[in-house]
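Hi,

Here is the model I said I'd pass on.

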Amino acid sequence: MVNVPDCIVDGVDGCSDGMLYEQYPMFIDTLNHDFRLLECSPAINVGNNDFVDAENTLDLNQQMRILDGIVDMGAYEQPALDIEINYSLQNAATVNTFDGFISIDSTSGSNMPYSFLWSNGDTTTFIGNLSPGDYFLTITAINGCENICF
């Protein structure tokens, strides 16, 4: 990961596959020297498996070096944000009716509890009186990682 606006550094083109430019790596706590990645880091699952030593398959925390098939950038491996949602849905019958609803029946994952923000501004696990249309839900984990669905 490189914090420069483009690939040209001192007149030399440094672009190559596997480089990420101007993206915050989302370390857990740099002030306390914790350089593990948050589950929503752009550095997860974007490394190059060719650089992982076949005889040394553990990261600095002695955890498996490759999760989800692709190594992370950096010295630590972190599972990506994974939120499982079980929901109920009833679509509004016609354009002028408001009888639709979406209910999040349960969520599970590694960073509970979650907060919810619907595109209509509601912050609960149930939205009702819906007319036909698209509704989006942003789920935020306790560590600040977000997932947008629906």
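This is a predicted model: local features need pLDDT of at least 70, side-chain atom pairs count only at pLDDT 80 or more; totals for chains, interfaces and linings use all residues.

Residues are numbered from 1 along each chain as its sequence is written, and side-chain values use heavy atoms, with hydrogens and water left out.

Overall picture first. The protein has zero helices and 12 strands (DSSP runs numbered from the N terminus: helices are H or I with at least four residues, strands are E with at least two). Of its 150 residues, 27% are buried; buried means under 20% relative accessible area, exposed over 50%, and partly exposed in between, with a 1.4 Å probe and protein chains only. The exposed surface comes to about 9,600 Å², with 52% supplied by carbon and sulfur atoms (Shrake-Rupley, 1.4 Å probe; for residues, only the protein chains shown count as cover). Taking contacts between residues at least 6 apart in sequence, 39% join residues at least 24 apart, where contact means heavy atoms within 4.5 Å.

Now the disulfide. There is one in the structure, defined as a pair of cysteine sulfur atoms within 2.5 Å. C40 and C145 form it, with an S to S distance of 2.1 Å. The link ties together distant parts of the chain, 105 residues apart: C40 lies in the loop between β4 (34-37) and β5 (66-67), and C145 in the loop between β11 (137-141) and β12 (146-149). The S-S torsion of the C40 and C145 link is -70 degrees, which makes it left-handed. Leaving aside residues up to four places away in sequence, C40 touches M26 and C145.

β9, β11 and β12 make an open, three-stranded sheet in the order β9-β11-β12, paired antiparallel (two strands pair if DSSP finds at least two bridges between them). β9 (114-118) and β12 have a single partner strand each, so one side of each has no neighbour in the sheet. Neighbouring strands here are turned by 20 degrees against each other on average, direction ignored; axes are lines fitted to C-alpha atoms, for helices over the stretch in contact, and angles run from 0 to 180 degrees between N-to-C directions. Five bridges join β9 and β11, and L117 has T138 in β11 as its bridge partner.

Finally, the cores, meaning sets of buried Ala, Val, Leu, Ile, Met, Phe, Trp, Tyr and Cys residues joined through side-chain atoms within 4.5 Å. The largest nonpolar core holds 16 residues, and W118, L137 and I139 have the most contacts inside it. β8 (100-109), β9, β10 (126-130) and β11 each give this core at least two residues. A second, separate core has five residues, including L20, L37, A43 and M73. Back in sequence terms, I139 touches several residues beyond four places away, among them I83, F116 and C145.

Cheers
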